[in-house]
Amino acid sequence: RNTGQAGDGEVYALYVLRSVQKRGLGRTLFDAARRTLQTMGYQSFVLTVLRDNPTTAFYERMGGDHFSDEQLSIDGAQFEEVVYRFTV
């Protein structure tokens with residue numbers, strides 16, 4: 001899969017339970033991941049999310065640029081993903 005450019009880091013998963021969303025925890029986790037990737041020498045990173053996931057707006061607010069669309073197949077079911085690219 002083409003989920004970024006050569007040299008990009010990746011945030012593979014970031015989950016906050018619905019029961020504790022809207023308290024700043026997602027932003028705290030995201031900022032910690034961004035700082036960690038910066039410390040590791042990355043200048044950019046990607047994060048992939050299912051298109052139908054309501055968190056796409058969160059990633060756009062966090063500064064993600066729509067990088068590409070990908071198709072994901074799980075047990076014959078097709079899903080569309082959005083790849084966001086961020087600078088650190």
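**Note on the predicted model: core, sheet and pocket**

1. The largest nonpolar core has 13 residues, and those that touch the most other members are Phe 30, Leu 47, Tyr 59 and Phe 86. Such a core is a set of buried Ala, Val, Leu, Ile, Met, Phe, Trp, Tyr and Cys residues joined through side-chain atoms within 4.5 Å, where buried means under 20% relative accessible area, exposed over 50% and partly exposed in between, with a 1.4 Å probe and protein chains only. Two or more residues of this core come from each of H1, S2, helix H2 (56–61) and S4. Helices (H or I, at least four residues) and strands (E, at least two) are DSSP runs numbered from the N terminus.

2. This is a predicted model, in which local features need pLDDT of at least 70 and side-chain atom pairs count only at pLDDT 80 or more, while totals for chains, interfaces and linings use all residues. Residues are numbered from 1 along each chain as its sequence is written, and side-chain values use heavy atoms, with hydrogens and water left out.

3. Leaving aside residues up to four places away in sequence, Phe 86 touches Phe 30, Arg 34, Gln 43, Ser 44, Phe 45, Leu 47, Tyr 59, Met 62, Gly 63 and Gly 64, a contact being heavy atoms within 4.5 Å.

4. The sheet is open and mixed in its pairing, with four strands in the order S1-S2-S4-S3; two strands pair if DSSP finds at least two bridges between them. Strand S1 (9–10) and strand S3 (65–74) are at the edges with a single partner strand each, so one side of each has no neighbour in the sheet.

5. The pairings can be followed strand by strand. S1 and S2 are parallel over two bridges, with Gly 9 opposite Phe 45 in S2. Strand S2 (residues 44–50) and strand S4 (residues 77–87) run antiparallel and are joined by seven bridges; here Thr 48 stands opposite Val 83, and Val 49 opposite Val 82. S3 and S4 are also antiparallel, over nine bridges, and Arg 85 in S4 is the bridge partner of Asp 65.

6. Strand S2 is largely enclosed by the rest of the structure, because six of its seven residues are buried. Helix H1 (residues 25–39) lies across S1, S2 and S4 and runs at about 145° to S2, the axes being lines fitted to C-alpha atoms, for helices over the stretch in contact, with angles from 0 to 180 degrees between N-to-C directions.

7. Phe 58 lies in helix H2 and, not counting residues up to four places away in sequence, touches Gly 26, Arg 27 and Phe 30. Phe 58 and Arg 27 are 31 residues apart in sequence, yet their C-alpha atoms are 8.8 Å apart in space.

8. The largest pocket has a volume of about 1,000 Å³. Its lining has 31 residues, of which Leu 14, Val 49, Asn 53, Thr 55 and Tyr 59 are the closest to the centre, and the elements that give two or more residues to this lining are H1, S2 and H2. On a 1 Å grid over the protein atoms alone, a pocket is an open set of points where a 1.4 Å probe fits, with protein on both sides within 12 Å along at least five of seven lines, and lining residues have an atom within 4 Å of a point. Grid points are joined across faces, edges and corners, and the volume is the space filled by probe spheres set on them.

9. Two loop residues have a positive phi. Lys 22, in the loop between S1 and H1, has phi near 70° and is exposed, with a relative accessible area of 81%. Asp 75 takes a positive phi near 50° in the hairpin of S3 and S4, which has two residues between the strands, and is exposed at 82% relative accessible area.
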